[in-house]
Protein chains: 2
Amino acid sequence: MPAQTIGHVAKASGTPIETIRFYEREGLLPEAPRTMSGYRLYDESTVKRLRFIARAKALGFTLAEIRDLLALQDNPASNKTGRAEVKAITERKLDDIEHKIADLQRMQKVLSHLAHECSGKGGVAHCPIIETLSGIEDCTHPEHR
Amino acid sequence: MPAQTIGHVAKASGTPIETIRFYEREGLLPEAPRTMSGYRLYDESTVKRLRFIARAKALGFTLAEIRDLLALQDNPASNKTGRAEVKAITERKLDDIEHKIADLQRMQKVLSHLAHECSGKGGVAHCPIIETLSGIEDCTHPEHR
DNA sequence: ATAAACCCTAAAGTCAACTACAGAGTCAAG
DNA sequence: CTTGACTCTGTAGTTGACTTTAGGGTTTAT
Ligand SMILES: [Zn+2]
Ligand SMILES: [Zn+2]
Ligand SMILES: [Zn+2]
Ligand SMILES: [Zn+2]
């Protein structure tokens, strides 16, 4: 098991050095063993762990959630109950994301309507975008209600 | 033009007092005239302005963007060119939001697949969620590629 | 042997959009 | 005339996920 310094792990995982130390402080990585001079030493498992973190982040999990997922993965006592937890965390995140999508789609609908309504020419005087934000007028398009 | 104190405007607009002062500091509201003892005085136009801000926020605009929109609305020199700016800001925001929706939909797809794959029963040992995050396996479902 | 490249810690800074004090002055009601 | 509700300023704290800085040791290569 060849030991690598933090810089090698950073390169191998694509995670900046400072971020690796930050993850250690935050409990996502275990405290690394050190050389006599205090340098952290890592093996391949740390690179895998950092990739795990990166994938989970890409799916929208927060560091706190990722810490929980990693703890479940680490903990041998999480046999028998572990999967239920993991699935619950995943389903909560899915709900989260679906909620965010719905919010954004509402915004998208209004914005695309506004962009469509506004000619982009002339002064701001009777600009339909400004007027809508001012609460002056309502939409008359049937497809927008 | 009846003058109101900040508390009245806060109630009329639904914006907390501290937030109104914050918006003033940030340049979204003009500096309010004061009584001899230093109390800010407002009229109805401020309530309208705060509602404008609230609507714009609900559409995803940042305070910086809202400040720009308000500046265009305020500025009489923004006749002749104003609408182009307003429309550009709106279209940028729409792009923004569509990008976010796409990102979230990618996450949603993966998460719903994972939630579906995982029984939620038993230990974490061969949990498909954990395995996917660990990069062990790829999806075999045709509809998920 | 010396400079470049690397590592260490602790603490502070960043971004957005607020929110929360602390300490003090002001105004309406009883 | 004194509570209590309201307002003021200025500064600091919040959240999340880092990033930066200052100051100082260590390793490697020439
Ligand atoms: Zn317009
Ligand atoms: Zn419409
Ligand atoms: Zn599972
Ligand atoms: Zn699949």
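Predicted model: local features only at pLDDT ≥ 70, side-chain atom pairs only at ≥ 80, totals over all residues.
**View 1. How the two copies line up.**

**View 2. The shared surface.** On the chain B side, 54 residues are in contact with 54 residues of chain A. The copies meet through the same surface, because 100% of the interface residues of chain B are also interface residues in chain A.

**View 3. What gets buried.** Chain B and chain A bury about 4500 Å² between them, and carbon and sulfur atoms give 72% of that area. Within chain B, the residues losing the most area to chain A are B:Arg83, B:Leu111 and B:Leu133, which together make up 18% of what that side buries.

**View 4. Polar links across the interface.** Zoom in on the polar side of things and you'll find 17 residue pairs in polar contact between chain B and chain A, counting pairs with both residues at pLDDT 80 or more. As for salt bridges between the two chains, the rule finds 0.

**View 5. The helices on the chain B side.** Helices H3 (44–58), H4 (63–74), H5 (82–117) and H6 (128–133) of chain B each give two or more residues to the side touching chain A. H5(B) supplies the largest share, 22 residues. Sorted by class, this side of chain B has 26 nonpolar, 18 polar and 10 charged residues.

Conventions:
Residues numbered from 1 in each chain as written. Chains lettered and ligands numbered in written order. Heavy atoms only, no water. Contact = heavy atoms within 4.5 Å. Buried area = accessible area lost by both parts, 1.4 Å probe. Salt bridge = Lys/Arg side-chain N within 4 Å of Asp/Glu carboxyl O. Polar contact = N/O pair within 3.5 Å; in protein donor to acceptor, adjacent residues only side chain to side chain. Helix = DSSP H or I, 4+ residues; strand = E, 2+ residues; numbered from the N terminus. Nonpolar A, V, L, I, M, F, W, Y, C, P; charged D, E, K, R; others polar.
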